[in-house]
Amino acid sequence: MNLIILLLPIIAIVLMFRSQKKRQSQMQQMQTALEPGAGVRTIGGLYAQVKAVNDETVELEIAPGVVTHFTKSAIAAVLDPQEYDAIINGRPADDELPEPDAEDAEAEPVEDKPLTLTKDSAEKGDAEGGAPASK
């Protein structure tokens, strides 16, 4: 009975070290596989595209023409090109596209009027797309 009490914590510690080593190995492999043009997510949740890979750092383009330097350890995940495109451009995956309804096709198109936030539109009320006049 005493042997089980001694072995149980030792086995738990060995399993924890093993899983941590496996995670470190996966991170190391991902960091060495970084290449220019890949879409990545940083540990802070920033999505960017890899522009250059150096020994210890990675140059990421976070917006067109805006390049920043991050350490390789700051990269949380390398994304598939389709997943990166869907996140950056807001495009749903092919299986998430809504199917058009027959009722929507018969409805009249709604005219889009620009929203204005001037004093004149507030005085006119809701008649021309402005805020309703206060009573």
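Reader: Hi! Before we start, what counts as a helix or a strand here?
Author: Helices are DSSP runs of H or I with at least four residues, strands are runs of E with at least two, and both are numbered from the N terminus. Bear in mind that this is a predicted model.

Reader: Good. How many helices and strands does the chain have?
Author: There are four helices and five strands. Starting at the N terminus, the elements run α-β-β-β-β-β-α-α-α.

Reader: In what order do the strands sit in the sheet?
Author: The order is β4-β3-β2-β1-β5, in an open sheet of five strands with antiparallel pairing. β4 (66-71) and β5 (75-79) are at the edges with a single partner strand each, so one side of each has no neighbour in the sheet. On average, neighbouring strands are turned by 45° against each other, direction ignored.

Reader: Let's go through the pairings. How many bridges join β1 to β2?
Author: Three, in the antiparallel sense. β1 and β2 form a hairpin with four residues between them, and G45 in the turn has a positive phi of about 90°. V40 is opposite A48 in β2.

Reader: And what is the bridge partner of V40 in β5?
Author: V78 is the partner of V40 there. β1 and β5 are antiparallel too, with four bridges.

Reader: How about β2 and β3, how many bridges there?
Author: Four bridges join β2 and β3, again antiparallel. These two strands make a hairpin with three residues between them, and A52 has E59 as its bridge partner in β3.

Reader: Switching to charges: which side chains meet in a salt bridge?
Author: K51 and E61 do, at 3.0 Å from N to O. K51 is in strand β2 and E61 in strand β3, so the pair ties together parts ten residues apart in sequence.

Reader: Is E61 buried or exposed?
Author: Buried, because its relative accessibility is 18% and the cut-off for buried is under 20%. K51, at 39%, counts as partly exposed.

Reader: Now the inside. Which residues make up the largest nonpolar core?
Author: Nine residues: M30, L34, A38, V40, A48, V50, V58, L60 and I75. In soluble globular proteins, nonpolar side chains tend to be buried together.

Reader: Last one: what share of the chain is buried?
Author: Buried residues are 16% of the 135 in the chain. The chain exposes about 11200 Å², with carbon and sulfur atoms supplying 56% of that area.

Key. Residues numbered from 1 in each chain as written. Predicted model: local features only at pLDDT ≥ 70, side-chain atom pairs only at ≥ 80, totals over all residues. Heavy atoms only, no water. Core = buried A, V, L, I, M, F, W, Y, C linked by side-chain atoms within 4.5 Å. Buried < 20%, exposed > 50% of the residue type's maximum accessible area, 1.4 Å probe, protein only. Pairing = 2+ DSSP bridges. Axes fitted to C-alpha atoms, helices over the stretch in contact; angles between N-to-C directions. Areas by Shrake-Rupley, 256 points an atom, 1.4 Å probe, with all protein chains shown as cover. Salt bridge = Lys/Arg side-chain N within 4 Å of Asp/Glu carboxyl O.
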